[in-house]
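Work through the exercises below with the sequence and the model side by side. Each task is followed by a solution in steps.

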Amino acid sequence: MKSLQVSLWRLSNVSLVGLTASAHAEQSTYNMTQGVTNISEQVYDLHMLIFYICCAIAVVVFGVMFYSMYHHRKSKGAVAAHFHESTKVEVVWTVIPIIILVLMAIPATKTLVAMEDTSQSDLTIKITGSQWKWHYSYFDQDVEFFSLLATSQKAIDGVEEKGAHYLLEVDNPLVLPINRKVRFLMTSDDVIHSWWVPDFAVKKDTIPGFINEAWTRIDKPGVYRGQCAELCGRAHGFMPVVVHAMEEEEYDAWLLAKKAEIAQAKQEAAASLTASLSLDELMGIGEKVYLDRCAVCHQANGAGIPGAFPAITGSKVATGDATGHIDIVTNGRAGTAMQAFANQLTDKEIAAVVTYQRNGLGNSVGDLVQAADVNQFKASKEGQ
């Protein structure tokens, strides 16, 4: 019977697909969320079915056990029987658990097969995890963007009051339409991450060099939150997932607006190549970029983390040749956690953050880096 209970426990855990937390306050915090998709409801129903089966087995097993202990106790004059193995008993307690497991496996298999069926999707989105942010790319729409934690550093440090969605808020949420099947293609730039939204019953690892698939079809508009569910490094807890599900018409309008926003950003990036910003302007932009992208490793004060991430303050990179500094920020450094920001930041942002690191955080080199300098550096690298 112990082997039966272990088997049931394992099957139950597989069927849960890791869903153990509710994203809605109005739902019980002691049970799985029912979610807002047909698959999430199937997972919930499967979970409850197996839970009740386990409860029924527990009642029978413990009922027989306590009954036997009470009615065959020593004080009542009961004498223990002396016998060896019984073939009939062995067959019964082997066959019955097999039948129970098979009966539970049928609905579990149907649900798991449905969860993996990404065919006939209306929309495909590529999700790329990296330390410590998500990148979303809408296929055939020329729309892509990064999604970063929006909780302020002051709230994290305890200087400001923590909001209702502390560590579960981002600057650019993933926007999806309801009533459309969305296919996810998931991968990673560095280490293994895991994209997890309990309300969708979607939890899939993003693995470097591999493409995993998942899908969802949301029934209700709203904002749904999740997290990276894989221990992916120091800032693992600062990698939330936020999905804004919209009515179809609203989503279509958002998509058009997003395309216009991206087009305008490209025009501004092109215009910045001929602009010459002052030190104050570069420092203001650079400080914001640094706090958003760099402070998680190098600390807000530039002190770094000894043995893990180097300091910016007084470093050879930040006080040395500007071209080498631009190279590291643009292309990263192989074999380290330093990412390449060429595709994450504009030339103007790279110029600003390099200027900020060279003239702030305890450094005072005095030189300015403009967007044209970054663009020229990139062009020279492409020409090599």
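Positions taken from UniProt are given in the numbering used here, and such annotations may be inferred rather than shown by experiment. The model itself is predicted.

**Exercise 1.** Find the domain that the UniProt record places on this chain, and describe its secondary structure.

*Solution.* The unreviewed UniProt entry places the feature "domain: Cytochrome oxidase subunit II copper A binding" at residues 120-257.

**Exercise 2.** Determine how helix α2 and helix α3 are oriented and which residues join them.

*Solution.* Begin with the axes: those of α2 (residues 38-71) and α3 (residues 87-115) come within 10 Å and cross at roughly 165°. Angles over 145 degrees count as roughly antiparallel, and therefore α2 and α3 are roughly antiparallel to each other. The crossing in which α2 passes α3 is left-handed. Turning to the side chains, I39, Q42, V43, L46, L49, I50, I53 and I57 of α2 meet I100, M104, P107, A108, T111, A114 and M115 of α3. Sorted by class, this contact has 13 nonpolar and 2 polar residues, with no charged ones.

**Exercise 3.** Which elements of the protein chain have the lowest and the highest mean pLDDT?

*Solution.* For the protein chain the mean pLDDT is 88, and 92% of the residues reach 70 or more. Among the elements, helix α1 (residues 2-16) has the lowest mean, 36, whereas strand β4 (residues 174-177) has the highest, 98. The pLDDT is below 50 over residues 1-26, a stretch that has 48 contacts in the model beyond near neighbours in sequence.

Methods: Residues are numbered from 1 along each chain as its sequence is written. This is a predicted model: local features need pLDDT of at least 70, side-chain atom pairs count only at pLDDT 80 or more; totals for chains, interfaces and linings use all residues. Side-chain values use heavy atoms; hydrogens and water are left out. pLDDT is the predictor's confidence in each residue, from 0 to 100. Helices (H or I, at least four residues) and strands (E, at least two) are DSSP runs, numbered from the N terminus. Contact means heavy atoms within 4.5 Å. Axes are lines fitted to C-alpha atoms, for helices over the stretch in contact, and angles run from 0 to 180 degrees between N-to-C directions. Angles under 35 degrees count as roughly parallel, over 145 as roughly antiparallel, 65 to 115 as roughly perpendicular and the rest as oblique. A crossing is left-handed if the near helix is turned anticlockwise from the far one by less than a right angle, and right-handed if clockwise. Ala, Val, Leu, Ile, Met, Phe, Trp, Tyr, Cys and Pro count as nonpolar, Asp, Glu, Lys and Arg as charged, and the others, Gly among them, as polar.
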